[in-house]
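Thanks, everyone. Let me put the model up and walk you through a few features.

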Amino acid sequence: MKVGIDKLHFATSHLYVDMAELAVARQAEPDKYLIGIGQSKMAVIPPSQDAVTLAANAAAPMLTAEDIAAIDLVVVGTESGIDNSKASAIYVAELLGLNRRVRTIEMKEACYAATAGIQLAQDHIRIHPDKKALVIGSDVARYGLNTPGEPTQGGGAVAMLISADPQVLALGTTTSLLSADVMDFWRPLYHTEALVDGKYSSNIYIDYFQDVFKDYLKTTHTRPETMTALVFHLPYTKMGLKALRSALPLVDDDQQKRWLAHFEHARQLNRQVGNLYTGSLYLSLLSQLLTDPQLQPGDQLGLFSYGSGAEGEFYTGELQPDYQLGLDAGLPQRLARRRRVSVAEYETLFNQQLQWQAEDQVVSVADDPHRFVLTGQKAEQRQYLDREA
Ligand code: CAA
């Protein structure tokens, strides 16, 4: 039985900051951000969006009444959780009007957690093929203003419906895993922004990729050239390029050229959004599938998931005949329609996030066009609004 990704949809903010403009404001050369980091635009997440609303906005447009009736598992992978106890998946399931006979959980392991959700969902559907699972990676990537990590911020959510006989990608059942205690990136409970050892984290990422990729090839007796394209977690798009370059010696010149050409499609949309932590690999997958004219049904895609701390996983999927039908086809146009904000406006919005304090707070939602918005906090409870309810 084939099990895998049946639908794939993305949501981010309607606002972005231009990376060349940000570079000038930070006294950096624009090409450092545009080429050295590999980012052109960065999503600016307003205070009216958080991991819950981004997740609901990503999932709602792709779900039919039939999907809603069949979903009995919702996993939200996030490291931007809004509660230390209650799962964001419960808020999301309620906003989406899902059946209440559903298992709702939040998963955490930095940027890796959505992959853990997919593997859990895959196992679940293999036992219950008449059911469907909703897996969402949703995050707001924050390092702080004027920090080295600042040009690698961003945010958004990727929602994936996991089912039997999937439209998009049939997942393999063999994966390669690596997990060990590494302090490359972390966020203690008292911090609103991540702590990171940037260069170290980039080196660990490459080490983990090389380890799980080679382990996968060895344990499955797979030749690397049987993979049409390699898709990466993209904290910034140059990171994936560096990892890909480290794998090039394994294949001949023609395959190297093909992998590099495919990678340009895989990073096209991430380049316009920035990091979204748990969702980044899956936005890259969406970018690959939406923008790459060279892909064919039957192609094997290799996926590398990485979460600092650290955990890596390499697994594969086979492209299905009608894969285009399960994709968020309107995404490139939506990204093109976003409003550009100045660096000053981005800084103001960055500092206006809902405060971690007990007092009631009100968030202005007038400028936010999304269906699901965060309107504030009352009696220590976040207030969410569904504008279509
Ligand atoms: N033209 C072209 N390229 C230029 C340039 C110019 N004018 N000026 C500089 N560059 C290049 C540099 O040569 C460098 O390229 P290489 O990495 O290929 O050597 C690149 O631009 C970046 O320059 P620096 O290394 O000087 O940049 P930096 O020290 O300011 O910080 C960073 C870069 C470490 C990635 C930092 O942004 C950071 O800490 N980011 C957050 C951490 C991160 O994303 N880590 C990734 C792995 S961890 C992970 O994947 C989990 C996760 O999501 C967080």
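Which residues are linked with Asp67 in a network of salt bridges? Lys7 and Lys132 are the partners in that network. Keep in mind that this is a predicted model.

Staying with charges. The whole structure holds 15 salt bridges. Take Arg340 and Asp18. They form a salt bridge, with the closest N and O atoms 4.0 Å apart. Arg340 lies in strand S15 and Asp18 in strand S2, so this pair ties together parts 322 residues apart in sequence. Arg340 has 44% relative accessibility and counts as partly exposed. Asp18, at 16%, counts as buried.

Two further pairs. Glu264 meets Arg267 in a salt bridge, and the closest N and O atoms are 3.2 Å apart. Glu264 is partly exposed, at 38%, whereas Arg267 is buried, at 8%. Then Glu345 with Arg339, 3.1 Å from N to O. Here Glu345 is partly exposed at 29%, and Arg339 is partly exposed at 39%.

Strands S3, S2 and S15 form an open sheet in the order S3-S2-S15, with mixed pairing. The edges are S3, residues 41-43, and S15, residues 339-341; each of them pairs on one side only. Neighbouring strands are turned by 45° against each other on average, direction ignored. S2, residues 15-18, runs parallel to S15, and 3 bridges join the two. Within that pairing, Val17 stands opposite Val341. Helix H12, residues 343-351, lies across S2, S3 and S15. H12 runs at about 90° to S15.

On to the packing. Where does the largest nonpolar core lie relative to domain 1 and domain 2? First, its makeup. The core has 75 residues. Leu96, Leu134, Ile162, Tyr282, Leu285 and Leu289 touch the most other members. Strand S7, residues 154-164, gives the largest share, 7 residues. Domain 1 covers 3-168 + 328-386, and domain 2 covers 171-324; both give residues to this core, so it lies between them.

Look at Leu96 in detail. Setting aside neighbours within four places in sequence, Leu96 contacts Ala56, Ala59, Ala60, Leu63, Ile68, Leu134 and Phe372. There is also a second, separate core, of 44 residues. Among its members are Ala23, Tyr208, Leu217 and Phe304.

That's my tour. Over to you.

Terms used
Residues are numbered from 1 along each chain as its sequence is written. This is a predicted model: local features need pLDDT of at least 70, side-chain atom pairs count only at pLDDT 80 or more; totals for chains, interfaces and linings use all residues. Side-chain values use heavy atoms; hydrogens and water are left out. Two strands pair if DSSP finds at least two bridges between them. Helices (H or I, at least four residues) and strands (E, at least two) are DSSP runs, numbered from the N terminus. Axes are lines fitted to C-alpha atoms, for helices over the stretch in contact, and angles run from 0 to 180 degrees between N-to-C directions. Contact means heavy atoms within 4.5 Å. A nonpolar core is a set of buried Ala, Val, Leu, Ile, Met, Phe, Trp, Tyr and Cys residues joined through side-chain atoms within 4.5 Å. Buried means under 20% relative accessible area, exposed over 50%, partly exposed in between (1.4 Å probe, protein chains only). Domain bounds come from an automatic or database domain assignment. A salt bridge is a side-chain nitrogen of Lys or Arg within 4 Å of a carboxyl oxygen of Asp or Glu.
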